[in-house]
Amino acid sequence: MVTSTPDPCPQGRRKLLVFVAVRDSQLRDACGRAAARDPGLRLLAVSKDVAEPRMRGECPDVIVVGAGERSAAGVTAVAMARQLYPEAVVLPVTRDDEPSRILGLAAATTVETSCSDQPRPSVIGVDVIRSAIAWGEPSVVFQPVVDLQDRRVAGVEALARFGVEPSHPPDVWFAAAHGVGLGIDLERAAIQAAIRAATTLAPDVYLAVNVSPAAVLMPDVRAALAEAPPNQLVLEITEHARVDDYDELQAALAPLRARGVRIAIDDVGAGFASLRHVLRLDPEIIKLDQEITRGVEHNAGRAKLVGGLIAGASAVSTLVIAEGIETGPQLRCLRELGVRGGQGYFIGRPSDLRSAVGGNHAVMAALEPGHPPTPSPSGPRQALSGARILVVDDSPAHRHLIRSIFELEGASVHDAATAAAAHLAFEDVEPDLVLLDVRLPDGTGFDVLERIRRTSDTPALFVTAATAVSDRVAGFDRGADDYLLKPFSPEELVARVDSALRRRLTRSTDPPGALRSAESSTC
Ligand code: C2E
Ligand code: MG
Ligand code: MG
């Protein structure tokens, strides 16, 4: 790192203080050398970290940053530099730029003001962040994420809002906080606010919170996340934040995932990691960045990219959600391309929780369905009426939800919260069908099914948040009839259970197990 102090240039004008903050080491060195050679400039520092002079209380006149580079919280280096040094001229550079030309431009820039004598009302400094947290900031709004196939709200994304001065968007606040070492505290405060505000969320709607890779590594952030029902929680980890050690990140996520928490990679396509890197995390969900969504309906290249991403994602059973949907044609095009989830102003703007989940999504209803809707039965379904269903799930909320759904169809529902209770109930109830969660407090749904299959071919369906391909394979290997993911649509669950029961009714004429192997579906 090189540091220096201002001095007059040959023309008597003060030399401009230049700070080179570029992550690419070759580009950084080239820019540093060019700045040092320019008589109109004084090189203040060369660094990977855009916040470095700010931490020392120094104020450059010109900042050279890597175009497209992003901070740990996922904010562009350009936005962060503008935030940290509001008086400075920010010059983005790429590998294709000639550093001396860029710095010539900097030298030609007249900066009349010196940073020391200007008030900085718009800077989010340490004190501002500390007092914002102390005052209960941030607050949270929720934006609906809609299942584009069956047109229901599948989840809500919690988005932080800052009601205190200075007024900035949330990503700028988080970037500034990370820049001064308070990023983790602010992220934890946002997570706590989101979980507190979402306690009334229905169990079949998920809650997504944004979290940076750096924050996931912190035990106190994971403790805050543990306050939410794990089966309902989705962690949106931004794709454009730097991940230095995927193994470490995976290890930090493993205990959360074991409890049913799902992982979404946010802003895919926006730029930092390649999709190959993203998929190392084996996410349950990928969220396509607005940059990709924008113009998809009349940009063949973009549509092809979306199609390719969907093909790749469905090969590993990953759900694809498109962000930033602003128009009907965009929505229709994305749905035709196979995107399953949608989010954006056209569907619903960020708002309070009630409006987000129950808001008037008439706009969705007005759309032509992509597939014919599941016909809603006029009365109780034949096969379901009078059927005995055993639900094995450790979540009381899910047991309750499933009971309500099937009792309406005329079935009698019995439940068990553990593997041990499931075996007893199976003997006792002699159910016509079993619904199984994968993760149970004393074992797995796989073990339960394995034992059932020793004596019975009663239809069994997994209804679980465990989306990994290996889980599905394990389920079907044990003899599952079907595998459905949480959160599920009640209509789809009823249709699948009804069809499994009807298959069973006709099974007496078939060789044992024939239908099961012929009709297994991987959703
Ligand atoms: P994100 O997670 O990708 O969130 C989506 C952003 O797109 C949100 O901006 C949302 O308001 C905006 N958006 C939604 N639909 C549309 C649309 O149709 N058109 C356009 N142009 N924009 C749309 P917001 O709320 O300003 O948040 C910006 C970013 O700040 C978020 O991007 C996320 O990276 C970060 N952020 C927000 N809240 C939190 C938080 O609680 N924790 C953390 N760590 N980061 C957060
Ligand atoms: Mg997000
Ligand atoms: Mg996003």
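Donors are N, O and S atoms within 2.8 Å of the metal; water is not among the atoms, so sites may look incomplete. The legends below describe a predicted model.

**Figure 1. Residues that coordinate the magnesium ion (ligand 2).** Four residues hold the magnesium ion (ligand 2): Glu157 through OE, Asn210 through OD1, Glu236 through OE and Asp266 through OD. The distances run from 2.0 to 2.2 Å. Along the sequence, the donor residues of this ion follow the spacing E-x52-N-x25-E-x29-D. Glutamate 236 belongs to strand S8 (residues 233–238) and aspartate 266 to strand S9 (residues 262–268), so this pair ties together parts 30 residues apart in sequence. Glutamate 236 has a relative accessible area of 2% and is buried.

**Figure 2. Residues that coordinate the magnesium ion (ligand 3).** Aspartate 266 and aspartate 267 are both buried.

**Figure 3. Aspartate 266 between the magnesium ion (ligand 2) and the magnesium ion (ligand 3).** Which residue coordinates both the magnesium ion (ligand 2) and the magnesium ion (ligand 3)? Aspartate 266 does, and the two ions are 3.9 Å apart. The relative accessibility of aspartate 266 is 5%. Buried means under 20% relative accessible area, so aspartate 266 counts as buried.

Technical notes. Residues numbered from 1 in each chain as written. Chains lettered and ligands numbered in written order. Predicted model: local features only at pLDDT ≥ 70, side-chain atom pairs only at ≥ 80, totals over all residues. Heavy atoms only, no water. Donors = N, O, S within 2.8 Å, 3.2 Å for Na, K, Ca; no water. Helix = DSSP H or I, 4+ residues; strand = E, 2+ residues; numbered from the N terminus. Buried < 20%, exposed > 50% of the residue type's maximum accessible area, 1.4 Å probe, protein only.
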